[in-house]
Amino acid sequence: METVRTMPGNGPGGGLKHRLTRRQDVSAEVPSGSELRRTMGMWQLTLLSVGATLGTGIFVVLGEAVPEAGPAIIVSFVLAGVTALFSALSYAELAGMIPRSGSSYSYTYATLGELVAWVCGWCLILEYGVSVAAVAVGWGQYVNELLDLVFGVTLPDSLAAPPGAGGVVNVPAAVIVVLSMVVLLRGAKESAVANVIMVGVKVAALVMFCAVAFTAFRAGNFTPLFPLGAAGMSAGAASLFFSYIGFDAASTAGEEARNPQRDLPRAIILSLALVTFLYVVVAVAALGAMPWGLFEGTEATLSEVLVRAVGGGSLWPILLSIGAVVATTSVVLTVQYGQIRILFSMSRDGLMPPVFSRVHAKSGVPRANTVIVSSFIAVLAALVPLGSLADATSIGTLFAFGLVNIAVVLLRRRNPDAPRSFRVPFSPVVPVLGVICCVYMLFSLGSDTWITFAVWMVVGLAVYALYGMKHSALNGTKARALSHERAKEHQS
């Protein structure tokens, strides 16, 4: 494994500042009993990332973003994709250097220190856990739509909506989380196979949509291209950024990739390119088939396009709804996988209880972690409305993305000669642009989201102070001996 060496003095000694800024030596061996099985190749990693990204964004968010930008939503997709690309390039460089399962948490631990790594990991827990619950709620809506199209019946609101949205408990949302848990418990290889099948189905559904929608294409629907000006285009890009945040799922599989140094950077960049291409093509087909003014208020947007603009009975909307159900299932599965691996890494480093890093001997997966996390997400999805969940997702993601960009710049200065299977071009310009874009997006979020994030961070810092700092693996005698050895090397 290619490694990143830490600076001397990373031991348990020293004052509080020293403890908070100590950095993890990723060259250290993985503790016995917590190894994950390397079963994934480049295409499985790519499709894992596509599975986590391609889904809710194009099937749901399109209807909310088009009224903000008009036909310029096509440019908005590209702008959001470029914004994500800056961070994706930084992810690619670090994923090749630090092929561990913790994603940006592991990257910041090796570069920015323990406290910043904890903050990053806590942000990722918010991002992954809340987004899984949000997508699970959306899955229930698509299931209801499919039942209506096929059988003419729907589940009652009391069983298909959370409190505050006309219901008591959202049963479908909880069910899909539990079903995903069952698949994940079988092992990473089996989960990857299931994801490959689902990605194939949802790509086929989008290709089918484009083929049908282009039969009703009208070029006049794109005139004028910027009816709401550049501000509308930017607002649309901000709304669509949620559609791109899943590409880092591949980096959470760093310890389950057969050749992580080679395959992880390729998978991250390739998945982002594939998703951006599909988003733009689907948006062109949808806007060409239906004037942008009709998008407002639509929930199952692509189905509405087929019904209003194309017609021809219910066959195409039914097929598209099936694809939407599969698409959101794939997102739930892959993002849930990422959440479990983040907690696994934090637990193995001593910052979370050890139950989250116990690997089952037969399946090779952290079984207890999977059950605990899935149960919590299922309750969250069943009881919290979709809007409240979605609002809390982007802020944690943007913080993590910004930290990864900073980590690349610092690592270039501290370890300029370390082996890199991929290098961010035009560094430090590109990582700095990534930070600027993340900061811009952060300040575009509402005050309620910031309050929620502040409360979340206060809780997280309390957990770190009361548990993580005391149980950190860097407190051990092995870490102390390693620290002294490196201090001697530094002095010589």
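## Basis

The model is predicted, so local features need pLDDT of at least 70 and side-chain atom pairs count only at pLDDT 80 or more, while totals for chains, interfaces and linings use all residues. Residues are numbered from 1 along each chain as its sequence is written, and side-chain values use heavy atoms, without hydrogens and water.

## Helix 9 and helix 12

Helix 9 (residues 188-213) packs with helix 12 (residues 301-310) at an angle of about 25°, and their axes are 11 Å apart. Helices are DSSP runs (H or I, at least four residues), numbered from the N terminus. Axes are lines fitted to C-alpha atoms over the stretch in contact, and angles run from 0 to 180 degrees between N-to-C directions. The two helices are therefore roughly parallel (angles under 35 degrees).

On the helix 9 side the contact (heavy atoms within 4.5 Å) involves Leu206, Phe209, Val212 and Ala213, which meet Leu302, Val305, Leu306 and Val310 of helix 12. These contact residues comprise 8 nonpolar, no polar and no charged; nonpolar here covers Ala, Val, Leu, Ile, Met, Phe, Trp, Tyr, Cys and Pro.

## Lysine 202

Helix 9 also holds lysine 202. Lysine 202 is buried, at a relative accessible area of 0% (buried is under 20%, with a 1.4 Å probe and protein chains only). Beyond neighbours within four places in sequence, lysine 202 contacts Val50, Gly51, Leu54, Gly55, Gly323, Ala327, Ser330 and Val331.

## Nonpolar core

The largest nonpolar core has 143 residues, and Phe209 and Leu302 are among those that touch the most other members. Such a core is a set of buried Ala, Val, Leu, Ile, Met, Phe, Trp, Tyr and Cys residues joined through side-chain atoms within 4.5 Å. Helix 6 (residues 114-151) supplies the largest share of this core, 20 residues.

Note on methods
Angles under 35 degrees count as roughly parallel, over 145 as roughly antiparallel, 65 to 115 as roughly perpendicular and the rest as oblique. Buried means under 20% relative accessible area, exposed over 50%, partly exposed in between (1.4 Å probe, protein chains only).
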